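Let's take a walk through this structure together.

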Amino acid sequence: MKLPSLEEIVAASAVVYRAMPPTPQYRWATSSLRLGTDCWFKHENHSPVGAFKIRGGLTFFEALRARGALPAAVISATRGNHGQSVAWSARAHGVRCMIVVPLGNSVEKNSAMRALGAELVEHGDDFQASREHAAALALQQGALMVPSFGAELVRGVATGWWEFFRAAPALDVVYVPIGLGSGICAAIAAKRALGHPVRIVGVVSRHASTYADSLAAGKVVAAPVSTVLADGMACRVAESDALDILRPHVDHVVQVDDAEVAEAMRAIFADTHNVAEGAGAAGFAAALQERAQNRGQVVGTVLSGGNVDSAMFARVLSGATA
């Protein structure tokens with residue numbers, strides 16, 4: 001897959017800004033004290049769906065519209081944030097939307113997708129099973145299957161990293177959570193487009209390690225998923241196109257467990273009074289894990305999702321791992 005150019009990212013930003021303003025980025029003093037160095041957060045939790053995914057959905061549907069190829073209906077699979085993005089964008093273009101989620105998915109993410117007009121189907125024990133079912137439904141119904149990873153999605157998501165790298169040019173290293181790969185591939189695209197020297201570190205859940213395992217093996221390696229907190233990173237099978245982009249451009253990959261993610265969620269709330277879901281806090285969890293080696297460096301991460309169920313967040317704030 002070809003990464004977008006600077007001109008393509010700038011063009012995508014015009015599409016994104018019709019629906020939302022740029023999200024803020026701040027150097028948080030207390031978080032910086034925790035790391036022992038300057039720490040910046042990019043607040044993608046301030047988007048209209050609480051996550052960066054909306055950027056990709058907006059550019060994906062705009063590309064269809066520009067080609068005169070908007071379908072009557074779309075189907076996609078998600079753990080929640082991608083589904084909200086698809087539902088938001090489908091509604092804006094008058095397209096019927098069906099979203100497949102795993103059984104036991106986040107109650108509040110499901111409610112948010114329904115509120116955006118999506119028909120929800122619950123199927124499978126994990127995202128991969130939901131994804132396969134969604135593809136089968138799309139074939140049966142003649143609907144367009146909206147992927148969870150692809151060139152147009154990466155182009156839209158890259159607008160957030162383009163904002164971040166321009167607003168905080170002194171960044172030395174950024175920690176980027178990996179779900180199916182659009183976020184980290186977008187960070188690589190923006191870095192290359194701007195010629196920014198920042199090092200990009202991938203972050204995976206220790207309980208969903210397909211990307212770490214696949215990069216180490218040089219091929220796609222499926223891994224079991226058992227994370228309770230980081231549902232946005234609960235991917236069983238890595239995307240081969242994403243791996244091709246990551247291999248030459250990612251500095252290294254950090255694995256964080258649910259206990260570390262829970263501690264990062266508590267720290268983010270205490271330091272910034274922002275709510276982070278598990279995947280949204282994973283980048284900071286990795287930065288905390290590697291704080292000794294980052295002294296004197298300017299560290300950044302993305303608070304990529306604020307959509308944690310209230311009951312789960314209450315348990316985490318009370319000191320529970322999940």
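Start with the largest nonpolar core, which has 49 residues. Here a nonpolar core is a set of buried Ala, Val, Leu, Ile, Met, Phe, Trp, Tyr and Cys residues joined through side-chain atoms within 4.5 Å. Buried means under 20% relative accessible area, exposed means over 50%, and partly exposed is in between (1.4 Å probe, protein chains only). The residues with the most contacts inside this core are I75, W161, L171, V174, Y211 and L246. Apart from it lies another core, of 33 residues, with Y175, I268, A281 and V308 among them. As background, nonpolar side chains tend to be buried together in soluble globular proteins.

A quick word on what you're looking at: this is a predicted model, in which local features need pLDDT of at least 70 and side-chain atom pairs count only at pLDDT 80 or more, while totals for chains, interfaces and linings use all residues. Residues are numbered from 1 along each chain as its sequence is written, and side-chain values use heavy atoms, with hydrogens and water left out.

Now pick out W161. Leaving aside residues up to four places away in sequence, W161 touches V174, V176, G183, A186, A187, A190 and V302, where a contact means heavy atoms within 4.5 Å. W161 also takes part in the packing of helix α7 against helix α8. Helices (H or I, at least four residues) and strands (E, at least two) are DSSP runs, numbered from the N terminus.

How do α7 and α8 sit against each other? Helix α7 (residues 151-167) and helix α8 (residues 182-194) pack at an angle of about 55 degrees, and their axes are 7 Å apart. The axes are lines fitted to C-alpha atoms, for helices over the stretch in contact, and angles run from 0 to 180 degrees between N-to-C directions. The two helices are therefore oblique to each other; angles under 35 degrees count as roughly parallel, over 145 as roughly antiparallel, 65 to 115 as roughly perpendicular and the rest as oblique. Their crossing is right-handed, a label used if the near helix is turned clockwise from the far one by less than a right angle, with anticlockwise giving left-handed. On the α7 side the contact includes V154, V157, A158 and W161, and on the α8 side G183, A186, A187 and A190 are among the partners.

Helix α7 has another neighbour to show you. The axes of helix α3 (residues 53-66) and α7 come within 7 Å and cross at roughly 135 degrees, so this pair is oblique too. Once again the crossing is right-handed. R55, G56, G57, T59, F60 and A63 in α3 meet E152, L153, G156, V157, T159, G160 and E163 in α7.

Next, follow Y211 and L246 to another helix pair. Helix α9 (residues 210-217) and helix α10 (residues 240-249) pack at an angle of about 65 degrees, with their axes 11 Å apart. That makes α9 roughly perpendicular to α10. Y211, S214 and L215 of α9 make the contact with A242, L243, L246 and R247 of α10.

Time for some single residues. Not counting residues up to four places away in sequence, A87 touches C97, M113, L116 and A118. N110, in helix α5 (residues 107-115), also counts as buried, at 5% relative accessibility. The side chain of N110 makes a polar contact with the side chain of N105 (2.8 Å). A polar contact is a pair of N or O atoms within 3.5 Å; within protein, one must be able to donate a hydrogen and the other to accept it, and residues adjacent in sequence count only if both atoms are side-chain atoms.

Finally, look at the loops. R295 is in the loop between α12 (278-289) and β10 (299-302) and is exposed, with a relative accessible area of 52%. A polar atom of the R295 side chain lies 3.4 Å from the backbone oxygen of L35. H273 sits in the loop between α11 (258-272) and α12, and H273 is exposed at 60% relative accessible area. Its phi is near 55 degrees, a positive value in a residue other than glycine.
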